[in-house]
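I opened this entry to keep a record of what I looked up, going from the whole chain down to single residues.

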Amino acid sequence: MPLTISNTIEIPDHEIEMTAIRAQGAGGQNVNKVSSAIHLRFDIVNSSLPDRIKEPLLAMKDSRISKDGVLVIKAQQFRTQEANREDALARLLELIDQVKTPAKVRRPTKPTRSSQRKRMDGKKQRGQLKNQRQQKWD
């Protein structure tokens, strides 16, 4: 079943490689026998994703993306292999969602005259208050 990103974009199953590995960290007697962690590998460069998503993904400064453009996600948070598989796919979707919509261009604005006036009036009042304090102690 392909991974759906939007109405028009899907990632076929054969492009996502998932392998079961042994989870790291402390565990009980079962930990050395069960491969419950999931290693997800996704080749961004050779994928069927459109270029408008590929390019920002490859440009990301993420340690999980290799120089060859392969994304590696290791999921070992849960005890079951199925839950870790779903977690890995969710993290892949989250990463793609970050670059799917372009960031809005910020346009700098000028403060209004009234806001400038209010700011200056506040500064004057504060300065007068401080001057009154100084005169009392001299």
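**Whole chain**

I began with the contacts in the chain (heavy atoms within 4.5 Å), and of those with a separation of 6 or more, 58% are between residues 24 or more positions apart. I note at once that this is a predicted model, in which local features need pLDDT of at least 70 and side-chain atom pairs count only at pLDDT 80 or more, while totals for chains, interfaces and linings use all residues. Residues are numbered from 1 along each chain as its sequence is written, and side-chain values use heavy atoms, with hydrogens and water left out.

For pLDDT, the predictor's confidence in each residue from 0 to 100, I found a chain average of 83, with 90% of the residues scoring at least 70.

I then listed the elements, which are DSSP runs numbered from the N terminus, helices being H or I with at least four residues and strands E with at least two. There are three helices and five strands, and along the sequence they follow the pattern β-β-β-β-α-β-α-α. I also looked up burial (buried means under 20% relative accessible area, exposed over 50%, partly exposed in between, with a 1.4 Å probe and protein chains only), and 22% of the 138 residues count as buried.

**Helices α1 and α2**

How do I find α1 and α2 packed, and at what angle? Helix α1 (residues 51-59) and helix α2 (residues 81-100) pack at about 105 degrees, with their axes 9 Å apart; the axes are lines fitted to C-alpha atoms, for helices over the stretch in contact, and angles run from 0 to 180 degrees between N-to-C directions. The two are therefore roughly perpendicular, a label for angles of 65 to 115 degrees. From α1 the contact takes R52, I53, P56 and L57, and from α2 it takes L95, I96, V99 and K100. By class I noted six nonpolar, no polar and two charged residues in this contact, where Ala, Val, Leu, Ile, Met, Phe, Trp, Tyr, Cys and Pro count as nonpolar, Asp, Glu, Lys and Arg as charged, and the others, Gly among them, as polar.

Within α1, I53, K54 and L57 are buried. Seen down the axis of α1, these buried residues fall within an arc of 100 degrees, so they line one face of the helix; the arc is that of the directions from the helix axis to the C-beta atoms. The buried residues of α1 pack against α2, whereas the face turned away from the buried side carries the exposed residues D51, R52, E55 and A59.

**Single residues**

Is N84, which I looked up next, buried or exposed? N84, in helix α2, is buried, with a relative accessible area of 0%. Not counting residues up to four places away in sequence, N84 touches S36, A37, I38, A75, Q76, Q77 and F78.

R79 is in the loop between β5 (70-75) and α2, and I have it as exposed, with a relative accessible area of 80%. From C-alpha to C-alpha, R79 and S35 are 9.7 Å apart in space and 44 residues apart in sequence.

E10 lies in strand β2 (residues 10-11) and is partly exposed at 42%. Leaving aside neighbours within four places in sequence, E10 is in contact with P2, L3, T4 and S48.

How values were computed: Parallel < 35°, antiparallel > 145°, perpendicular 65-115°, else oblique.
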